[in-house]
Amino acid sequence: MSAGTTMRVDRRNFLKTGVAGATGLVIGFYLPGDFEALAAAPAGSAAPAALNAWMRIGADDSVTILIDKSEMGQGILTALCMIAAEELECDWKKIRPEFAPTAKEYINPAFGIQGTGGSSSVRSSWDPMRKAGAAARDMLLQAAAQKWGVAKTACRAENGVILHVATKRRLTYGSLAEAAAKFPVPQDVPLKDPKQFHTIGKSTKRLDTPDKVNGRAEFGIDVRRPGMVYAVVERCPVFGGKVASFDATKAKAVPGVKNVIQISSGVAVVADSTWAAMQGRRALDVKWNEGPNGQVSSDSISKLFAERTGQPGAVARKEGDAASAFAGAAKKIEAVYEVPYLCHATMEPMNGTAHVRPDGVELWLPTQFQTISQTVAAKIAGVAPEAVNIHTTFLGGGFGRRSELDFVAESVEISKAVSAPVKLTYSREDDMQHGMYRPASYCRMAAGIGADGWPVAFTSSIACDSIMARRFPDQVKDGVDETSVEALANIPYAIPNILVDYQLTVAGIPVGFWRSVGASQNGYFSESFVDEMATAAQKDPYEFRRHLLAKFPRHVGVLDLAAQKAGWDKPLPAGRFRGIAVLTAFQSYAAQVVEISVNRTERTLKVHRVVCAVDVGRVVNPTNIVAQSESAVVYGLTAALHNAITISRGRVEQTNFDSYPILRMDEMPVIEVHIVPSEEKPTGAGELSVPPLAPALCNAIFAATGKRVRRLPIRPEDLA
Amino acid sequence: MAIQFTLNGKPQTVDVNPNMPLLWVLRDTLGMTGTKFGCGMSLCGACTVHINGEAVRSCVTPISTVSGKKITTIEGLSADRSHPVQKAWIEIDVPQCGYCQSGQIMSAAALLAKKAQPSDAEIDEAMKGNICRCGTYQRIRQAIHRAGQLRGAPAKAANLGADENTEQELSARTVGVGGAA
């Protein structure tokens with residue numbers, strides 16, 4: 001997106017955002033959470049002035065920052081306000097974040113659609129937010145200079161006021177906003193030298209915490225609308241199955257049930273409460289056409305993958321001639337690794353609230369993908385996309401699951417059928433059994449070690465289903481889906497002969513973006529197998545990596561920092577073991593050292609300490625980088641220790657948190673996070689620290705037991 | 001069937017199916033959505049409320065069983081985020097997505113009411129019924145210890161020690177949901 005596009009004040013949007021902010025309560029506009037402050041504003045006060053698509057300043061000096069990324073826990077709301085405030089020079093205490101509507105100004109330049117994911121938020125908003133802040137500040141300076149009849153250069157902006165330096169006269173932003181908004185938006189206002197940053201780089205408390213400690217933060221599932229009814233959906237237990245017939249007689253007899261209707265994905269029960277809808281659903285009698293997947297199982301999928309990796313696949317990376325290099329190698333090692341499907345298990349189950357009217361659609365969504373939600377809703381409702389208005393709520397976790405459209409389409413279909421606002425809620429079982437899963441994947445690897453102990457060849461053959469083939473098919477190029485091979489095809493180690501190939505294998509189970517995507521499995525494959533290479537070469541796993549990464553300073557930076565902070569050069573206490581891993585993901589870098597003890601008799605494992613080093617370029621909010629790293633470690637650890645979605649007769653076998661356990665307080669290791677100082681452009685931290693955890697952990701288990709863990713999740717027999 | 005109980009200090013009567021779980025009465029009948037639905041089976045703790053001072057999972061508590069009892073929800077823990085647990089949560093900046101935090105806070109408040117300075121083992125025991133998918137456990141533990149210190153301390157906001165100089169001030173404020181036509 002060019003600066004010109006970014007900065008142009010769209011008149012329609014100006015009116016839209018201006019009106020929403022100013023007269024919201026008067027017209028009954030929907031606001032979540034704690035709106036006492038706004039309610040206390042004098043009635044009829046002037047509308048805040050929109051200086052651009054992201055910033056509105058009220059006569060009361062309030063600064064509204066429009067947040068065009070979804071807040072799903074990653075702290076983006078606060079980070080974007082910090083970036084804006086840095087250049088705008090506003091008073092931090094006057095900032096009020098507000099989630100943006102769906103409009104072209106808010107398209108994520110990393111995607112070409114409005115959406116949040118791929119750890120792209122800070123990276124993609126960095127320039128637009130800074131430029132918007134700088135331009136708005138310049139407009140305020142111009143307004144003050146004009147009022148005083150002085151040169152703009154004689155004035156300075158600081159902490160929400162414009163100061164005339166010579167006379168020490170001051171005007172607050174609120175008193176200047178209306179006049180400032182009348183100036184044309186200036187282009188190419190010089191941005192601050194990072195040395196002058198007072199906000200970016202300083203640990204700053206999250207702006208959403210107060211609303212998240214008293215129950216007022218409004219998630220999608222909390223939305224309430226006048227006349228709203230509640231819906232649940234019974235879906236075919238087999239992926240791809242359809243309704244053959246159903247009998248709603250008993251369901252309709254349940255008190256509170258208002259409607260039972262067939263929709264594309266199954267049968268919806270609509271009632272006067274969520275609970276009544278759930279009761280009605282239990283009384284439903286549905287016959288299914290199971291479709292082609294009724295006999296699919298985890299075993300059959302694993303066998304299919306194994307067969308496919310035995311055949312040549314689409315080439316994702318080829319350097320040198322691996323086959324010849326193996327012939328000349330002193331030693332050859334081979335291994336097969338495998339991981340299961342994984343469910344996102346956001347704490348807030350999937351949900352959506354829709355109100356389809358003849359002329360348009362209102363949607364209240366905890367969504368990561370606004371633009372596509374708008375398109376899907378428009379198609380179902382038979383209206384233009386512009387007639388679909390999305391209110392993005394807080395997301396009770398996203399992890400990629402909320403980039404999906406199932407809950408959007410279903411809620412729109414149901415509302416259209418019953419002509420009322422409808423809140424659709426998934427049960428935990430629905431959420432777990434009707435997901436779009438992290439792909440199960442199967443990987444054969446081989447390495448040739450030369451006489452000097454350094455690797456001469458590496459091959460990797462991967463079979464899994466393709467996320468992009470389902471979501472964005474044009475992203476599958478020459479048979480390769482980058483998300484299926486990332487963190488393997490791009491391994492940076494100095495190995496002269498490399499071949500990575502991929503067998504796109506359709507298995508009948510829908511796969512989707514799961515926190516850290518392909519790196520979640522391929523990081524485990526590659527960093528476990530690199531450890532196997534180090535063992536075969538009889539070298540220290542840290543030194544082995546360091547030597548082969550000599551040309552990659554940012555890899556070495558995190559590797560060294562993690563090793564140093566973990567005390568890699570010092571012996572561990574008796575009974576303690578550790579493993580290490582390093583990789584790049586989402587343009588950021590991470591290394592981890594995991595410290596464990598294993599009771600081989602009891603076949604139990606305790607994770608004592610995880611030392612993380614991250615390089616995310618310039619840091620916006622250090623405390624949040626720490627929080628995201630801690631979060632990602634727990635996410636990775638939960639999967640490595642506990643999680644598999646298994647398939648039997650085309651159905652997911654897991655149902656709830658008893659069969660799909662999440663790491664709990666009593667299993668929590670100490671997590672230390674260290675940040676590499678950097679002046680590189682900022683990149684993301686939300687997913688980065690998921691992938692190193694499993695290999696570092698399994699490498700520690702090898703150190704303890706002498707046995708490789710080549711299949712996740714870790715089983716008791718792996719610890720014997 | 002009309003059922004009477006005390007909700008956040010005020011008498012409350014509801015006329016609903018006696019089998020309806022307290023969670024859904026709070027959320028759908030009374031519109032108090034601070035208490036969250038997570039699993040429906042007492043496995044995750046997102047729906048935790050206090051019944052006569054005990055931390056209870058409201059998703060498996062039929063409304064008929066709370067007749068005559070005193071219920072406190074996250075909305076009633078304090079009027080102004082002044083409960084020591086809420087203060088500590090803000091000080092340590094615990095929440096990420098925030099969805100589980102009502103339940104975490106209610107479990108922590110019940111623990112601290114019984115045990116002013118809980119040990120790590122006691123925190124594990126009291127809190128292991130509450131899942132946080134964002135993995136905020138390390139900060140939850142820190143905040144519970146901090147809340148223990150804050151209990152009985154003067155109402156003034158406490159210092160955070162080393163972080164104090166770098167942490168920016170935060171006043172309670174609103175986060176607006178946009179998307180108005």
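Colleague: I'm new to this one. How many helices and strands are there in chain B?

Modeller: Keep in mind that this is a predicted model. Read along its sequence, chain B goes β-β-α-β-β-β-α-α-α-α. In total, chain B has five helices and five strands.

Colleague: What share of the residues in chain B count as buried?

Modeller: A residue counts as buried if 20 or more other C-beta atoms lie within 10 Å of its own. Chain B has 181 residues, and the buried share of them is 56%.

Colleague: At what angle do H2 and H5 of chain B pack?

Modeller: H2(B) covers residues 84-92, and H5(B) covers residues 137-150. Their axes lie 8 Å apart. The angle at which they pack is about 130°.

Colleague: What does that make H2(B) relative to H5(B)?

Modeller: Over 145 degrees would count as roughly antiparallel, and 65 to 115 as roughly perpendicular. The angle here is about 130°. That makes H2(B), relative to H5(B), oblique.

Colleague: How do the residues of the contact of H2(B) with H5(B) divide into nonpolar, polar and charged?

Modeller: On the H2(B) side, the residues include B:Val85, B:Trp89 and B:Ile92. On the H5(B) side, B:Arg139, B:Ala143 and B:Leu150 are among them. The contact divides into eight nonpolar, one polar and four charged.

Colleague: What percentage of the contacts in chain A with a separation of 6 or more comes from residues 24 or more positions apart?

Modeller: Buried residues make up 60% of chain A. As for those contacts, the part that comes from residues 24 or more positions apart is 77%.

Colleague: Which residues of H21(A) does H20(A) meet?

Modeller: The axes of H20(A), residues 622-642, and H21(A), residues 693-705, come within 9 Å and cross at roughly 55°. The two helices are therefore oblique to each other, and the crossing is right-handed. From H20(A), the residues in contact are A:Val633, A:Gly636, A:Leu637 and A:Ala640. In H21(A), they meet A:Leu693, A:Ala694 and A:Leu697.

Definitions and conventions:
Residues are numbered from 1 along each chain as its sequence is written. Chains are lettered from A and ligands numbered from 1 in the order in which they are written. This is a predicted model: local features need pLDDT of at least 70, side-chain atom pairs count only at pLDDT 80 or more; totals for chains, interfaces and linings use all residues. Axes are lines fitted to C-alpha atoms, for helices over the stretch in contact, and angles run from 0 to 180 degrees between N-to-C directions. Helices (H or I, at least four residues) and strands (E, at least two) are DSSP runs, numbered from the N terminus. Angles under 35 degrees count as roughly parallel, over 145 as roughly antiparallel, 65 to 115 as roughly perpendicular and the rest as oblique. Two residues are in contact if their C-beta atoms, placed from the backbone, lie within 7 Å. Ala, Val, Leu, Ile, Met, Phe, Trp, Tyr, Cys and Pro count as nonpolar, Asp, Glu, Lys and Arg as charged, and the others, Gly among them, as polar. A residue is buried if 20 or more other C-beta atoms lie within 10 Å of its own, exposed if 12 or fewer, and partly exposed in between; C-beta atoms are placed from the backbone. A crossing is left-handed if the near helix is turned anticlockwise from the far one by less than a right angle, and right-handed if clockwise.
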